[in-house]
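Hi,

Here is the structure I promised to pass on. Have a look at it first, and then read on for what turned up.

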Amino acid sequence: MSTQTTQFIECINFAAIKHKDQRRKDPEQTPYINHPIGVAFILTSEAGISDLAVIQAALLHDTVEDTDTTIDEICQSFGEEVASIVSEVTDDKKLPKLARKQQQIEHAPHVSTKAKLVKLADKLYNLRDLNRARPNRWTEDRITEYFEWAALVVRGLRGTNKTLENSLDQLFRERNIIT
């Protein structure tokens with residue numbers, strides 16, 4: 001087995017262990033690990049990304065934010081580049097939710113291209129998921145607000161990957177969201 005394949009499987013295993021007790025907010029309470037795997041799948045299958053660091057960062061993108069994982073732990077296990085990408089896409093959970101959302105909008109244009117790829121695929125996955133199933137306790141207005149906010153984040157990520165941006169634009173058009 002190649003070194004890259006081993007590193008890829010090690011990363012999936014790490015993310016699965018970290019997210020093992022988490023569920024998505026959809027009515028089916030989908031295992032959370034489906035999300036980072038789905039983000040990585042979008043990057044490889046739709047955007048044509050084969051950069052291992054980007055794929056690993058996609059698999060790990062929510063571990064620091066949503067589990068007890070640290071950036072240092074990611075750096076030790078997967079290297080500085082992966083840790084840097086994950087750090088760029090991680091919200092500061094010490095901030096209130098609205099401040100974190102505003103920070104994503106402001107921060108988006110200034111992250112690396114690799115972090116932008118992860119962020120675009122993450123937004124695409126989340127928006128598709130919202131279209132697939134309304135999360136428990138979410139109103140249609142809240143979903144619209146999420147789409148509007150996501151469009152503002154995506155605005156700062158433009159010029160990164162036309163395929164992902166076109167897919168996002170299609171979702172925004174379907175919801176009559178101006179981008």
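Let me start with a question: does Asn 176 count as buried or exposed? At 70% relative accessibility, Asn 176 counts as exposed, where exposed means over 50% relative accessible area, buried under 20% and partly exposed in between (1.4 Å probe, protein chains only).

Before the rest, some housekeeping. This is a predicted model, in which local features need pLDDT of at least 70 and side-chain atom pairs count only at pLDDT 80 or more, while totals for chains, interfaces and linings use all residues. Residues are numbered from 1 along each chain as its sequence is written, and side-chain values use heavy atoms, with hydrogens and water left out.

Back to Asn 176, which sits in the segment after α10. (Helices are DSSP runs of H or I with at least four residues, strands are runs of E with at least two, and both are numbered from the N terminus.) Asn 176 has a positive phi of about 55° although it is not a glycine. Most residues other than glycine have a negative phi. Arg 137 also has a positive phi, of about 70°, and is not a glycine either. You'll find Arg 137 in the loop between α8 and α9, and at 84% relative accessibility it counts as exposed.

Now for the inside. Helix α3 (residues 52-60) is largely enclosed by the rest of the structure, because nine of its nine residues are buried. Among them are Leu 52, Val 54, Gln 56 and Leu 60. At the start of α3, the backbone nitrogen of Ala 53 has a side-chain oxygen of Asp 51 within 2.9 Å.

Next, the charged pairs. The structure holds 14 salt bridges, each being a side-chain nitrogen of Lys or Arg within 4 Å of a carboxyl oxygen of Asp or Glu.

- Asp 68 and Lys 18 meet through their side chains in a salt bridge (3.1 Å, N to O). This pair links distant parts of the chain, with Asp 68 in the loop between α4 and α5 and Lys 18 in helix α1, 50 residues apart. Asp 68 counts as exposed, at 62% relative accessibility.
- Asp 169 and Arg 158 form a salt bridge between their side chains (2.5 Å, N to O). Asp 169 lies in helix α10 (residues 162-174) and Arg 158 in the loop between α9 (140-155) and α10, so the pair ties together parts that are eleven residues apart in sequence. Asp 169 is buried, at 15%, and Arg 158 is partly exposed, at 30%.
- Arg 132 and Asp 129 meet in a salt bridge too (3.0 Å, N to O). Both lie in helix α8, three residues apart, about one turn of the helix. Arg 132 is partly exposed at 45% relative accessibility, whereas Asp 129 is buried at 11%. Arg 132 and Asp 129 also belong to a network of salt bridges with Arg 24, Asp 26 and Glu 28.

Last, how many disulfides are there? The count comes to zero, taking a disulfide as a pair of cysteine sulfur atoms within 2.5 Å. For Cys 11, the nearest cysteine sulfur is that of Cys 75, 13 Å away, which is too far for a bond. Cys 11 is buried at 0% relative accessibility, while Cys 75 is partly exposed at 28%.

Over to you!

Key. A polar contact is a pair of N or O atoms within 3.5 Å; within protein, one must be able to donate a hydrogen and the other to accept it, and residues adjacent in sequence count only if both atoms are side-chain atoms.
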